[in-house]
Amino acid sequence: MRLDVVTIFPEYLEPLNVSLVGKARARGQLGVHVHDLRQWTYDRHNTVDDTPYGGGPGMVMKTDPWGDCLDQVLADGYDSGAHGPVMVVPTPSGRPFTQELAVELAAQPWLIFTPARYEGIDRRVMDEYATRIPVHEVSIGDYVLAGGEAAVLVITEAVARLLPGVLGNAESHRDDSFAPGEMANLLEGPVYTKPPVWRGRAIPDVLLSGHHGKIARWRRDEALRRTAANRPDLLERTEASAFDKKDRET
Ligand SMILES: Nc1nc2cc(Br)ccc2s1
């Protein structure tokens with residue numbers, strides 16, 4: 001997978017050099033190219049923003065730096081043999097970022113992230129590139145950040161861990177919260193490791209029983225318990241899908 005990130009704060013993406021994503025890059029499983037948008041400005045102040053048409057607070061990111069930069073990013077990517085770019089625009093007003101969308105993005109060969117600052121990017125930029133490649137506006141939650149770079153880090157980590165060979169244990173994905181299949185719409189339950197007793201706190205006996213069926217049952221019950229406590233809305237989806245499934249079988 002190739003990732004391109006266009007930003008006015010390239011240093012914000014330094015965390016992509018460490019840990020899981022850093023290792024995936026070192027192993028050649030992921031290519032990451034960070035571009036400083038100000039390199040595509042031509043005035044003394046490297047201006048990337050201007051006042052909004054129609055008035056209102058704040059500033060809007062200008063079209064030309066984005067257009068000149070993204071044209072170059074696309075040309076360089078295609079020249080390097082990449083194909084099938086998908087643009088990902090982090091924004092509070094986008095489609096919710098979910099594990100399902102992470103799986104969808106992890107299947108793409110090339111992602112181009114365009115994190116905005118200020119009040120956002122002139123809409124004509126997304127409209128222009130949507131005529132050439134898929135453009136996904138994605139929200140990582142119902143809150144407003146000062147810019148999209150933190151969202152790029154979140155999305156990149158969620159996607160990179162799904163790439164083949166990136167997580168040591170390929171089975172790890174199966175028990176992820178929200179993972180497709182049995183854990184879809186369920187939060188992960190509690191986990192334990194040695195020592196067996198810590199400050200007088202023992203671990204649940206079932207986990208020492210060696211009875212895999214009982215352990216699986218206990219883990220699912222705990223996942224349902226935690227989901228009911230923290231995300232009852234997910235259980236409605238689970239019940240609905242179970243009903244649909246039953247309905248289809250009758
Ligand atoms: N939750 C989010 N807030 C923001 C703010 C800006 Br400015 C750009 C992207 C995002 S994603």
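Predicted model: local features only at pLDDT ≥ 70, side-chain atom pairs only at ≥ 80, totals over all residues.
# Questions about the model

Colleague: Thanks! And what percentage of the residues count as buried?

Modeller: Buried means under 20% relative accessible area, exposed means over 50%, and partly exposed lies in between (1.4 Å probe, protein chains only). The chain has 250 residues, with seven helices and nine strands; helices (H or I, at least four residues) and strands (E, at least two) are DSSP runs numbered from the N terminus. The part that counts as buried is 39%.

Colleague: Now the ligand: what percentage of its area does the protein bury?

Modeller: The shell, made of residues with a heavy atom within 4 Å of the ligand, includes Pro-90, Thr-91, Ala-116, Arg-117, Tyr-143 and Leu-145. Taken alone, the ligand exposes 320 Å². The protein buries 95%.

Colleague: How many residues of that shell are nonpolar?

Modeller: Ala, Val, Leu, Ile, Met, Phe, Trp, Tyr, Cys and Pro count as nonpolar, Asp, Glu, Lys and Arg as charged, and the others, Gly among them, as polar. Three residues of the shell are polar and one is charged. The number of nonpolar ones is eight.

Colleague: Which side chain makes a polar contact of 2.6 Å with that of Glu-149?

Modeller: Glu-149 is found in helix α5, and because its relative accessibility is 0%, Glu-149 counts as buried. A polar contact is a pair of N or O atoms within 3.5 Å; within protein, one must be able to donate a hydrogen and the other to accept it, and residues adjacent in sequence count only if both atoms are side-chain atoms. The partner at 2.6 Å is Thr-7.

Colleague: Which helix do the buried residues of α1 pack against?

Modeller: Helix α1 covers residues 19-26, and its buried residues are Leu-20, Val-21, Gly-22 and Ala-24. After α1 comes Gly-28, with a positive phi near 80°. The buried residues of α1 pack, with contact meaning heavy atoms within 4.5 Å, against α5.

Colleague: On to the aromatic rings: what is the angle between the planes of Tyr-78 and Trp-110?

Modeller: Rings of Phe, Tyr and Trp (its six-membered ring) pair if their centres lie within 6.5 Å; planes under 30 degrees apart count as stacked, over 60 as edge-to-face and the rest as tilted. By this rule there are two aromatic pairs. Tyr-78 and Trp-110 form an edge-to-face pair, 5.2 Å centre to centre, with an angle of 85°.

Colleague: And why does that pair tie together parts of the chain, and how many residues apart are they?

Modeller: Tyr-78 is partly exposed at 42% relative accessibility, while Trp-110 is buried at 0%. Because Tyr-78 lies in helix α2 (residues 63-79) and Trp-110 in strand β6 (residues 110-113), the pair ties together parts whose separation in sequence is 32 residues.

Colleague: What kind of pair do Tyr-192 and Trp-218 form?

Modeller: Tyr-192 counts as partly exposed at 42% relative accessibility, and Trp-218 as buried at 18%. Their ring centres are 6.5 Å apart and their planes stand at 45°, so the pair is tilted.

Colleague: Last one: which side chain makes a polar contact with that of Thr-47?

Modeller: Thr-47 is found in the loop between β2 (31-36) and β3 (49-50), and with a relative accessible area of 28% Thr-47 is partly exposed. Beyond its neighbours within four places in sequence, Thr-47 is in contact with Thr-41, Lys-62 and Pro-65. The polar contact, at 2.5 Å, is with the side chain of Asp-43.

Terms used. Residues numbered from 1 in each chain as written. Heavy atoms only, no water. Areas by Shrake-Rupley, 256 points an atom, 1.4 Å probe, with all protein chains shown as cover.
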